[in-house]
Amino acid sequence: MATEKLQFQAETKRLLDLVVNSIYTNKEIFLRELISNASDALDKLRIESLTNKELAGDAEPEIFVVPDVTTKTVTISDNGIGMTRDEVISNIGTIAKSGTKDFLDKLREASNASAQELIGQFGVGFYSAFIVAEKVELITRRAGETSAVKWTSDGAGEYELEDCEKDSRGTTIILHLKPEFCGDDEYNFTDVYELERLIKKYSDFVRYPVKMNFEVKGENEKPPSLEIRTVNSMKPLWTRNKSEITREEYDEFFKHQMHEWEPPQEIFHVKAEGTVEYTALLCIPKRAAQNLYYSDYEAGLQLYSRHVFIMDKCKDFLPDWLRFMKGLVDSPDLPLNISREVLQQSVEVKVIGKALEKNILKQLGKLLKDERARYETFWREFGKSLKIGVYNSMFDTKAKDALKDLLLFQTSRDGKFSTLAEYVERMPESQKQIYVAAGSDAAAIERLPQMELLRERGLEVIYLTDPVDEFTIEALHEYAEKHFQSITREDFELDDAESQKVKAEVEEIAKTQGDLLKDVKDAIGDAVAEVRLTSRLKSSAVCLATGANSPSLTMEKTFAAMNNPMFKATQILELNPNHAVFKKLEALHADKDSPEFKNLCNTLYSLALLIEGVLPKDPVDLANKVTELLAK
Ligand code: ADP
C-alpha cells in the first residue's frame with residue numbers, strides 16, 4: 001500500500017494541540033509513558049504466546065532507549081506485540097475514552113490555573129511524545145506478521161502511514177526533538193546520563209530490562225567502545241517491605257503501572273498469609289476518571305502470580321461500585337495460565353476479593369474518623385461510588401451496614417458534610433424521622449417553600465443533590481431505626497404541638513372547601529393528581545408535593561434529561577389557606593366557569609412548577625397571564 005495521509009479524529013486533534021503547545025509542566029514524563037507502553041506491549045506478547053508458542057521466538061524481551069546527539073533524536077524500541085496497520089489507525093489516531101469531549105469542553109472554559117490542574121489529571125499516553133518532539137515516527141511490526149508499517153506525524157492534525165521494512169517484531173518510536181530539548185535550555189534528552197536518570201526515577205520497577213548503550217573509555221589508548229547496560233532494577237515494588245518504600249516510590253509506581261498522571265490519594269499495601277497467600281498494592285486515585293461512570297470504563301485489578309503478570313482489568317476481585325480502585329494482586333496460589341472464565345469461579349479470588357473489600361472499607365472508616373478533611377476530599381471525587389454501592393446492595397443488609405456510616409451529605413445546618421450518625425445525634429427528641437429534600441443543588445432546596453417552616457423550627461434537612469442520592473436513601477430505608485422522610489412528599493408532617501395545631505385548623509377549613517378544591521383540580525386537569533390545603537407553608541401561596549410512593553420531581557427531571565421518562569412524579573398541588581391569594585381564589589370561585597377563576601388556578605399551578613425548577617408546558621401563556629395581572 002502506498003503512503004496514506006490520514007486525519008486525526010477531531011478530539012484527538014484538540015488534545016494534540018494542547019500537548020504540542022505544551023501545557024504539561026513536567027516535560028520528562030514522555031519517557032515514562034513510552035516505556036510503560038513498551039512494557040505493556042511485552043506483557044501482551046507474553047500472554048498471547050501462552051496459546052501461540054511461535055509468536056515469541058527466542059528473543060528475550062527488552063526495551064531499548066537510544067539518544068543520538070547528531071540527529072537530535074531519542075529512539076525507544078521494544079520487541080513486544082507490535083501493531084498491524086489497522087491497529088495503528090485505531091490505537092494511535094483516535095482516543096476511545098468517552099468523557100474526552102466533556103473534558104475538553106471543561107478545559108476550554110477553565111481559567112489558566114485550573115486548566116493546568118485539569119490537564120494534569122488527563123493522561124495522553126503516546127501523545128506525550130509531542131511534548132518534546134516536533135516530529136514522531138513509529139515503526140511497528142505485529143508479532144506473527146511479516147509486514148511492517150511506519151506512522152509519521154508532526155502532531156498537527158494529520159499523520160502519514162506507509163509500508164516499510166522491519167527485521168523483527170515490535171515497535172520503534174523515533175522522537176525528533178524540539179531544539180529546546182537538546183541541551184540549549186534546561187533539558188538535554190540527547191544525553192545518555194540524563195535519560196538514565198529519568199529511567200531510574202520513573203521506570204525503575206518496569207518488569208523488563210530497559211537497556212542503553214554506554215561509552216566505555218578504552219584502556220591503553222584503545223578507542224572507546226560501547227557497552228550495553230540494563231538501567232532499571234526490575235524489582236517489583238510490592239515485594240519489598242512497606243517500611244522501606246518511600247511515598248515517592250509508591251507515587252511513581254502508580255503513575256507508571258496504572259497510567260496515572262497524579263500521585264494517588266490513598267495507598268493500600270497489604271500482605272496476607274492466611275488460607276490464601278497474596279500481596280495487594282492498591283490505590284485510590286486522586287481523581288475520578290472522566291469516564292468512571294460510563295459503560296466503557298474498564299475497571300479491575302492487575303493480576304500476578306509469583307510476580308509474573310497474568311492479566312489486566314480483572315474484575316472479579318472487587319464489587320463493581322469499587323471500580324475506582326486501581327492496583328494489583330500478586331498471589332502464588334493462582335496458576336500462571338488461568339483464564340478469565342476459571343478466574344470467575346476461583347475460590348481464591350473470592351477469598352482475596354472479600355478480604356480486600358473489607359480492608360478498603362475499614363481504612364475508609366479510619367480515614368473518616370481520624371482525618372476528616374482527607375476523607376472529604378476522597379468523598380468529593382468518589383462519594384457517588386459508595387452511594388451506588390448502597391443502592392447495589394439494596395437486599396444485602398450486611399453490605400449496606402458496612403457502607404452506611406461512610407456516607408456524607410450536605411445538610412441545611414451549615415452546608416457542610418455530615419454523616420447520618422452526626423445528623424441523628426443532633427435531632428431534637430421530638431423529631432422521629434430523618435428529613436430529606438431533593439433538588440438540583442443546595443440553593444434550589446433552600447428556596448423550596450416547604451423549607452421555610454423547617455427553618456423556623458430549627459429542623460435540619462439532608463440535601464439530596466446527586467441523582468443517585470434518592471436511590472441510596474430508598475435502598476437504606478432507615479438509619480438508626482429512623483425512617484427517611486422527604487419534606488416535599490404528601491405525607492410529610494411535623495410532630496410538634498404547634499404544627500399539629502395548625503394542621504387541625506387547616507383540616508377544619510378543608511372540610512368547608514371541598515367544592516373549591518375539586519374545581520381547582522378540574523380547572524388544571526390531569527397534570528395534578530390532587531389539589532388540597534396544606535399547613536406546611538408560611539409565606540408562600542402554593543407548593544407541589546409528590547405522592548407517597550412517587551419519585552420526586554428532581555428525579556423525574558433527571559431522567560427526562562437523559563431521555564428516559566421512566567420516572568414520573570405524582571404531583572399534588574398544595575394551597576396555603578392563610579395566604580391572600582387563597583381569598584382571591586375563593587372570591588373568583590363564585591363563578592367557577594369564568595376565565596378569571598381558571599386563569600388563576602392555572603397560574604398558581606405554573607408557579608408551583610417554577611418553584612420546583614420545572615418549566616410549565618406553556619411559558620408564554622404564563623408570562624402573558626402574569627403581565628396581565630401586574631397591569632391590573
Ligand atoms: P494507553 O496506553 O493509555 O492505552 P496510549 O495513547 O499510550 O494509551 O496508547 C494507545 C494504544 O496504542 C495502546 O493501548 C496500545 O494498544 C497501542 N500502543 C502504544 N504503544 C505501543 C507499543 N509500544 N507497542 C504496541 N502497541 C502500542
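1. A quick word on terms before we start: two residues are in contact here when they have heavy atoms within 4.5 Å of each other. Please also keep in mind that this is a predicted model.

2. With that in hand, have a look at helices H2 and H7. Leu31, Arg32 and Ile35 of H2 touch Leu195, Leu198, Ile199, Tyr202 and Ser203 of H7. Sorted by class, the residues of this contact are 6 nonpolar, 1 polar and 1 charged. H2 spans residues 29-51 and H7 residues 192-203; their axes come within 10 Å and cross at roughly 65°. The crossing of H2 and H7 is right-handed.

3. On the H11 side the contact involves Lys384, Lys387, Ile388, Val390 and Tyr391, while H16 brings Val468, Asp469, Phe471, Thr472, Ala475 and Leu476. The contact of H11 with H16 counts 7 nonpolar, 1 polar and 3 charged residues.

4. Stepping back to the whole chain, the domain assignment lists domain 1 (4-230), domain 2 (246-371), domain 3 (374-486) and domain 4 (502-631).

5. Finally, how do domains 3 and 4 meet? The centres of domain 3 and domain 4, taken over C-alpha atoms, are 28 Å apart. At their interface, 12 residues of domain 3 are in contact with 17 residues of domain 4. About 1300 Å² is buried between domain 3 and domain 4, and carbon and sulfur atoms give 60% of that area.

Definitions and conventions. Residues are numbered from 1 along each chain as its sequence is written. This is a predicted model: local features need pLDDT of at least 70, side-chain atom pairs count only at pLDDT 80 or more; totals for chains, interfaces and linings use all residues. Side-chain values use heavy atoms; hydrogens and water are left out. Helices (H or I, at least four residues) and strands (E, at least two) are DSSP runs, numbered from the N terminus. Ala, Val, Leu, Ile, Met, Phe, Trp, Tyr, Cys and Pro count as nonpolar, Asp, Glu, Lys and Arg as charged, and the others, Gly among them, as polar. Domain bounds come from an automatic or database domain assignment. Buried area is the accessible area (1.4 Å probe) that two parts lose on being put together, summed over both. Axes are lines fitted to C-alpha atoms, for helices over the stretch in contact, and angles run from 0 to 180 degrees between N-to-C directions. A crossing is left-handed if the near helix is turned anticlockwise from the far one by less than a right angle, and right-handed if clockwise.
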